[in-house]
Amino acid sequence: MNNIMIEAIDENLQRGIKLLNSINDQEYCNKSVAPYYSSIGTHMRHVLDVFSCIFNGLETKTVDFSDRERNTLAEEWIVEGLKYFEEIRSNLLKLDKVDFNELIYVTDDLGKGRVTVQYTLGSALVQAHSHAIHHFASVGYIINQLGIQLPDADFGYNPTTPKEVEKS
């Protein structure tokens with residue numbers, strides 16, 4: 001199970017890296033697209049922050065999704081975003097021998113205050129992966145509005161989402 005999860009998450013993270021390698025800093029931090037006026041960099045940094053929360057809490061088995069790094073350099077400069085991607089990938093690839101069924105405590109603020117629940121490490125990683133895909137879809141909208149090509153056809157698509165088949 002570990003290898004399949006790690007491989008799937010890593011493949012998706014590499015899509016983000018591919019995007020960063022195909023745009024410039026001005027496109028990366030452009031906040032002109034309505035309705036949220038967020039940048040590609042903001043979404044990328046946020047996605048990586050969620051993974052970072054998991055890795056930061058592994059030793060104590062307490063993950064706090066509300067305690068994010070919010071590294072503004074990683075959302076403003078591609079070179080910093082790429083460093084953050086590589087840091088997260090490095091931490092992910094170290095998990096090949098870790099028990100994904102290990103119980104951890106996960107805290108987050110759901111808008112009505114902080115709550116803590118028990119997860120498995122695997123379920124936290126699945127949540128972070130799905131969250132990344134969701135944000136990549138939002139980035140896909142920004143990319144489209146800025147007139148940039150998607151880095152690949154699967155960028156921002158959940159594997160369970162049906163794709164329309166081209167008609168001949």
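In the predicted model, the largest pocket is lined by Glu7, Ala8, Glu11, Asn12, Arg15, His129, Ile133, Asp154, Tyr157, Asn158, Pro159 and Lys163. Two elements, helix H1 (2-20) and helix H6 (121-146), each contribute two or more residues to this lining. The largest share comes from H1, with 5 residues. By residue class, the lining comprises 5 charged, 4 nonpolar and 3 polar residues. The space in this pocket amounts to about 160 Å³.

The protein chain as a whole contains 6 helices and 3 strands. Read from the N terminus, these elements follow the order α-α-α-β-α-α-β-β-α. The radius of gyration of the protein chain is 16 Å, close to the 15 Å given by the globule rule for 168 residues, and the chain is therefore as compact as a globular protein of that length. The C-alpha trace spans about 45 × 40 × 30 Å along its principal axes. Of contacts between residues at least 6 apart in sequence, 66% link residues at least 24 apart. Buried residues make up 42% of the 168 residues of the chain.

In soluble globular proteins, nonpolar side chains tend to be buried together. Here, the largest nonpolar core consists of 42 residues, and Ile40, Met44 and Phe51 are those with the most contacts inside it. The elements that supply two or more residues to this core are H1, helix H3 (40-57), helix H5 (78-93), strand S2 (103-109) and H6. For Ile40, with residues up to four places away in sequence left out, the contacts are Leu19, Ile23, Glu27, Tyr28, Asn30, Val139, Ile142, Ile143, Leu146 and Ile148.

A charged residue, Glu75, was also examined. Glu75 belongs to helix H4 (residues 72-76). Its relative accessibility is 11%, and Glu75 therefore counts as buried, the limit for that class being under 20%. Beyond residues up to four places away in sequence, Glu75 touches Tyr28, Cys29, Lys31, Ser39, Gly41, Thr42 and Arg45. One of these partners, Thr42, lies 33 residues from Glu75 in sequence, yet the two C-alpha atoms are 4.9 Å apart in space. Tyr28 is a contact of Glu75 and also of Ile40.

Conventions: Residues numbered from 1 in each chain as written. Predicted model: local features only at pLDDT ≥ 70, side-chain atom pairs only at ≥ 80, totals over all residues. Heavy atoms only, no water. 1 Å grid on protein atoms, 1.4 Å probe; cavity = no way out; pocket = protein on both sides within 12 Å on 5 of 7 lines; lining within 4 Å. Points joined across faces, edges and corners; volume = space filled by probe spheres on them. Helix = DSSP H or I, 4+ residues; strand = E, 2+ residues; numbered from the N terminus. Buried < 20%, exposed > 50% of the residue type's maximum accessible area, 1.4 Å probe, protein only. Contact = heavy atoms within 4.5 Å. Core = buried A, V, L, I, M, F, W, Y, C linked by side-chain atoms within 4.5 Å. Rg over C-alpha atoms; globule rule 2.2 N^0.38 Å.
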